[in-house]
Structures are given as C-alpha cells and as structure tokens.
Amino acid sequence: MESLVSETRTPIRIGDRSTSDVVVRIRTQDGRDDWFYCHSQVLIEKSKYFADRLSENWPTCQILDSRNCVEVYCQESEFDHHVSVLRLLYNVIDGFVDDMWHGVKNALGILQVAVNLGCPQIITACVDYLEAVPWEESEEEEILKIIPRLGTQVEPILARLLPVKQSAIMGIFFSTIQFATSSPSPIMNDLKSSAQEQLEYMLTEDDDAPLLAADDEIKSEVKDCVKRLFERFNNLLEALLCEMELFSDGGKMQSFQSLLSDLSWACQILCKLEIMRELVCNWTDASDKIVKVVKEASPTAELIETKLRVIEVAAKILEAIGYGTVILPTAKRLHMVKVWLPFVRVAKPLIDSVTTARDDAPTLRMDTELWQSLESTFVSVILALPSAEQAEILTEWLGNEHIQYPDLTEAFEKPGEKGG
C-alpha cells in the first residue's frame with residue numbers, strides 16, 4: 001500500500017484534523033495533557049513505539065470522531081522534546097533535517113526521546129548533528145553522562161572522545177618535534193612556538209598520565225632532532241668565526257638568536273626525558289667558540305639580547321653539570337667555570353642596564369630567579385672541584401671588579417665540602 005504522504009499532493013501536517021486518524025496525548029505527572037492530531041501512517045512508518053501501540057495486538061481507546069488515541073507519559077522536563085519528536089516525524093527525510101535542533105542540549109533531549117520511541121530516522125539525523133557540531137565543556141559532560149546508556153546506534157557521537165592510539169600519538173609527536181627543531185623561516189615562528197608548547201604538554205605529567213610514554217623510541221627521535229639542531233648552530237658558529245663581519249648582518253643575528261632560543265627550549269625537553277648528556281657535551285666543547293663569537297661581534301642593540309639568549313642556554317647546561325644530572329670529568333667542569341664565569345659576570349651589568357623607557361624597546365631583563373639559580377649553580381660546580389682549583393677560582397673572584405655577581409661567598413665559606 002502506498003503511503004498516505006504519496007497519495008496526496010499536499011504533504012500531510014501534524015495538527016491537521018481534517019486528515020488526522022489518531023490523537024497522541026502527551027501527559028505529565030504534573031497534570032499537563034496536550035493533544036496532537038496525527039496520522040497513523042506516519043507514526044507507524046517512523047516509530048516502533050507507535051507502530052506497536054497502533055497494532056491489532058495493542059488495545060486502544062476510541063475518542064473524538066472515532067480516532068485512535070495513544071497516550072505518552074513523560075517528565076515535565078521532557079515534554080518539549082516529545083513534542084519536537086512528533087513534529088520531526090513529519091519533517092525528517094532520509095536522516096536529514098534543517099535547523100531543527102536549536103543547540104546541543106536540545107538535540108540531546110530529542111535524541112533520548114527518539115531512542116525511547118524507536119524513531120530510527122530521527123536518531124540518525126540527531127547523531128549526525130551531534131557528531132558534527134562543537135561542544136562546550138558543560139555539553140561534553142552531559143553527553144558523556146547520557147550517550148553511553150542509549151546503545152550502539154549513538155556511539156559515533158563519542159568518536160571524538162575516544163582515546164587516540166599510541167601509534168597515532170607517536171606519529172604526531174615525531175612530526176611535531178621534527179618541525180619544532182627544524183629552524184623554519186621567521187614567518188613561521190608563531191607556529192614553531194605552538195608546536196613546542198604542544199610537545200611540552202604531551203610530555204607533562206600532572207594529575208593524569210602524560211599523553212605519551214617516553215620510551216626508547218621517543219628518546220632516540222628527540223636526541224636525533226636536537227643533534228641536528230645543534231649541528232646547525234655549530235655550523236653558524238664556524239661561519240661567524242671565519243667571517244666575523246657578517247655578524248653585523250641582521251639576518252645572521254636573527255638566525256643566531258633563533259637557534260639559541262630553540263636550544264634553550266630543547267633543554268627543557270631533554271631534562272624531562274633525562275637525556276641531557278649529548279647536548280651538555282656538545283655545548284661544553286663549543287663554549288670557547290660561542291663566547292669568542294659574542295665577544296668579537298659588532299656592538300649593536302641586538303648583541304645584548306644575544307648575550308641574554310646565550311646565558312639562558314648556558315645556565316641550563318651548567319645546572320645539569322652542577323647538580324649531577326650529567327657527569328663530566330673534572331677538567332671539563334673546570335673549563336666550563338673558567339669560560340662562563342667571566343662571561344656571565346661581565347654580561348650581567350650590561351643586561352641589567354638595559355632600560356625599557358621607549359615603548360618600542362624590547363624587555364631584555366633576565367628573570368631574577370634565573371640569575372639566582374645560575375649563581376647557586378656556579379657555587380655547586382666550584383664546590384665539586386679539587387681544593388686547589390677552588391682556591392684559584394676564589395682568589396681570582398676576590399680580586400675581580402665584578403665581585404658582586406656571582407656571589408661566591410658560600411663556596412668561599414665551605415672550602416672543604418666537596419660536591420656540595
């Protein structure tokens with residue numbers, strides 16, 4: 001038998017008494033009782049609940065004009081959703097409906113009613129909507145409470161919340177670490193910074209476990225990427241040593257600073273993964289070249305910022321040495337003190353003297369805590385040296401014009417405490 005809809009040129013509508021053959025009464029415990037004039041053909045075709053209630057196996061009561069009556073009881077909070085489902089039975093075609101949901105919360109209410117009344121077309125349309133639209137945090141919480149108890153037919157809604165496979169997360173990590181350490185052009189600095197922040201997030205442990213378990217494969221990839229980053233840095237050092245006049249070029253200065261910033265960030269990642277050793281050794285071996293390049297560079301405004309970036313990296317390297325994260329021979333530890341102690345104590349007053357009176361002037365002041373931490377690191381490194389070397393360093397410090405920083409008083413007061 002052809003459907004009633006196809007028998008008429010004008011589509012049948014809910015509430016049309018002239019063509020209605022069934023009344024749906026939606027009732028609540030609070031006494032609300034609304035009648036809707038409907039059509040059995042539509043109800044039977046699109047709802048299992050109504051198909052059952054209008055079948056010969058289910059007793060119905062006859063009311064006005066010999067129309068069948070089907071009663072649906074619901075909570076007051078669900079009333080509007082039941083009315084929406086009735087209307088959607090007349091509007092949903094092949095799972096599609098335009099602008100009928102009025103937001104995620106309303107769609108969730110409609111979906112629950114559609115599941116209870118067995119309305120597959122409305123369920124499909126509702127799932128498609130909820131699967132596609134963005135959710136606010138409160139809506140996501142509601143979805144997580146409601147959807148799991150509605151059955152497998154609505155599971156696609158939760159697809160975006162399912163845990164990502166570890167292999168997929170590793171793929172994202174590898175791509176991101178490769179980009180973050182690739183020294184892209186300056187126009188991509190914002191994107192690079194975002195990539196670096198994402199990597200830190202993936203490796204951070206808070207109340208939950210980190211997104212990524214730092215296994216040997218992850219550590220190996222990070223070490224390779226940072227190794228390539230340092231190689232680019234070292235190549236630029238060699239070029240600048242050969243042609244020092246090029247360092248006055250803004251492009252060279254920018255590249256040098258950018259690489260230093262990337263190395264400073266890389267130190268944080270390497271510390272998290274406890275794989276600082278290779279970078280510490282490479283920086284230690286390159287320290288003389290780094291200091292020479294910065295000392296012999298043409299004095300420009302950018303040079304002060306470059307010195308600051310150099311000290312930021314050096315501080316992280318010295319910290320790894322000073323607190324035993326990376327174990328180096330005595331000769332190398334002594335060398336690091338002799339290279340970086342003079343550099344830092346001369347650079348600090350210069351960096352501290354930079355003012356930001358002009359609106360367009362960059363803020364170059366180093367974090368006070370970082371200066372204090374660097375001072376403590378020098379003390380720690382010195383106290384771990386043989387007594388003769390300690391005495392030499394402390395004697396030189398007492399006679400130096402820059403005695404105020406770093407203050408080595410603590411090391412001077414504890415000459416016998418090795419490894420303090």
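This briefing covers the nonpolar cores and the salt bridges of the structure. The model is predicted: local features need pLDDT of at least 70, side-chain atom pairs count only at pLDDT 80 or more, and totals for chains, interfaces and linings use all residues. Residues are numbered from 1 along each chain as its sequence is written, and side-chain values use heavy atoms, with hydrogens and water left out. The largest nonpolar core has 81 residues, and the structure holds 14 salt bridges.

**Nonpolar cores**

- A nonpolar core is taken as a set of buried Ala, Val, Leu, Ile, Met, Phe, Trp, Tyr and Cys residues joined through side-chain atoms within 4.5 Å; buried means under 20% relative accessible area, exposed over 50%, and partly exposed in between (1.4 Å probe, protein chains only).
- In the largest core, of 81 residues, those with the most contacts inside it are Phe173, Val222, Phe233, Phe256, Trp283, Ile317 and Trp340.
- Helix H13 (residues 301–322) gives the most to this core, contributing 12 residues; helices (H or I, at least four residues) and strands (E, at least two) are DSSP runs, numbered from the N terminus.
- Phe233 is in contact (heavy atoms within 4.5 Å) with Phe256, Leu259, Leu260, Leu263, Trp283 and Ile290, when its neighbours within four places in sequence are left aside.
- In soluble globular proteins, nonpolar side chains tend to be buried together.

**Salt bridges within and between elements**

- A salt bridge is a side-chain nitrogen of Lys or Arg within 4 Å of a carboxyl oxygen of Asp or Glu.
- Arg309 pairs with Glu305 in a salt bridge whose closest N and O atoms are 3.2 Å apart; both residues lie in helix H13, four residues apart, about one turn of the helix.
- Arg309 counts as buried, at 17% relative accessibility.
- Glu392 forms a salt bridge with Lys338, with 3.3 Å between the closest N and O atoms.
- Because Glu392 lies in helix H16 (residues 387–398) and Lys338 in helix H14 (residues 330–353), this pair ties together parts that are 54 residues apart in sequence.
- Glu392 is partly exposed at 44% relative accessible area, and Lys338 is partly exposed at 43%.

**The network around Arg25**

- Salt bridges that share partners join Arg25, Arg27, Asp33 and Glu71 into one network.
- Within it, Arg25 forms a salt bridge with Glu71, the closest N and O atoms being 3.2 Å apart.
- This pair links distant parts of the chain, with Arg25 in strand S1 (residues 22–28) and Glu71 in strand S4 (residues 67–74), 46 residues apart.
- Arg25 counts as buried, at 14% relative accessibility.
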